[in-house]
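Welcome! Take a moment to look over the sequence and turn the model around before reading on.

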Amino acid sequence: MAKNEWGMSTYPLVPGHEIVGVVTEVGSKVQKFKVGDKVGVGCMVGACHSCDSCANELENYCPDMILTYGVKYFDGTITQGGYSDIMVADEHYVVRIPDNLPLDSGAPLLCAGITVYSPLRYYGLDKPGMHVGVVGLGGLGHVAVKFAKAMGVKVTVISTSVNKKKEALEHLGADSFLVSKDQDEMQAAQGTLDGIIDTVSAMHPLLPLIGLLKSQGKLVMVGAPEKPLELPVFPLLMGRKLVGGSCIGSMKETQEMIDFAAKHNITADIEVIPIDYVNTAMERLGKADVRYRFVIDIVNTLKSSS
């Protein structure tokens, strides 16, 4: 969004949609929260509440969903995200953060966490004993491994980089690791996975991934490449395989995910930074030099303008 790589950014842009903090004030009709509560706001702050998706508590698929930053809000102003010292939000779009979930390492779950939790649940890849692949070991991928393992699923990490093998197996607890460029490794793993969560936003071939699936297997895309990927149809027909997508999750499911994370001690691996480091952090992010999420310490480093 900062670089307008998806072609939808408007400037000035105040990003940030993995936001946590403490309630300092509530409106007279607020019922769910009180001053002092630990809360979070994720990727959306509004929806139409009259369409089919909203009626089914799936605000994240509302055609009029309002993103947390960079789009027009009901009052005509442009939404501003979390790189700020205060925020006002409709209580429906606020998540309660359990006391035992740290604010800093819990924050990225509000986007990265729900983005991988939702498809694991919806596509039925959450049954103990199943075998699921996670493509890409970044901000999304590393929490996908943690959630899948907590659900009792066997996890294989698939990466272009052999350098991440030790990290995946020893630190994150994955069961196995495949280097996607190693044809022998990929060939040996053909037809072994019930499903795959593909977190990669760069251009990459889907054919080798489809080959890893068992019959009736599901390849779920949660990364968002800038250009269309090539989708070979024949291997889908021959195994009755599915390619699907998933976009964050509803408010109900986001709260469920946060509660699940607190129960199973799931947090993101983070590097906390001051606000004046943000440009350097963006440069490092471009080089994939972060394990695995930068979190900005707003309260201690951003001087209030008020």
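Which residues form a nonpolar patch on the surface? In this predicted model, the patch is made up of V233, F234, L237 and M238, and together they have about 470 Å² of accessible area. Let's pick out one of them, M238, which you can find in helix 8, the stretch covering residues 234-239. M238 counts as exposed because its relative accessible area is 60%, and the cut-off for that word is over 50%.

Is S250 buried or exposed? With a relative accessible area of 4%, S250 is buried, since that word applies under 20%. What surrounds S250? Apart from its neighbours within four places in sequence, S250 is in contact with M44, E57, L58, E59 and N60. The side chain of S250 also has a polar atom that lies 3.0 Å from the backbone nitrogen of E253.

Three strands make up an open sheet, arranged in the order 1-2-5 with antiparallel pairing. Strand 1 (19-22) and strand 5 (95-96) stand at the edges; each has a single partner strand, so one side of each is left without a neighbour in the sheet. Strand 2, residues 38-41, pairs with strand 5 in the antiparallel sense over two bridges. To see this pairing for yourself, find V39: standing opposite V39 is R96 in strand 5.

Notes. Residues are numbered from 1 along each chain as its sequence is written. This is a predicted model: local features need pLDDT of at least 70, side-chain atom pairs count only at pLDDT 80 or more; totals for chains, interfaces and linings use all residues. Side-chain values use heavy atoms; hydrogens and water are left out. Patches are made of residues with over 30% relative accessible area and no salt bridge: like charges are joined within 9 Å, nonpolar side chains (Val, Leu, Ile, Met, Phe, Trp, Tyr) within 5 Å. Accessible areas come from the Shrake-Rupley method with a 1.4 Å probe; for residues, only the protein chains shown count as cover. A salt bridge is a side-chain nitrogen of Lys or Arg within 4 Å of a carboxyl oxygen of Asp or Glu. Helices (H or I, at least four residues) and strands (E, at least two) are DSSP runs, numbered from the N terminus. Buried means under 20% relative accessible area, exposed over 50%, partly exposed in between (1.4 Å probe, protein chains only). A polar contact is a pair of N or O atoms within 3.5 Å; within protein, one must be able to donate a hydrogen and the other to accept it, and residues adjacent in sequence count only if both atoms are side-chain atoms. Contact means heavy atoms within 4.5 Å. Two strands pair if DSSP finds at least two bridges between them.
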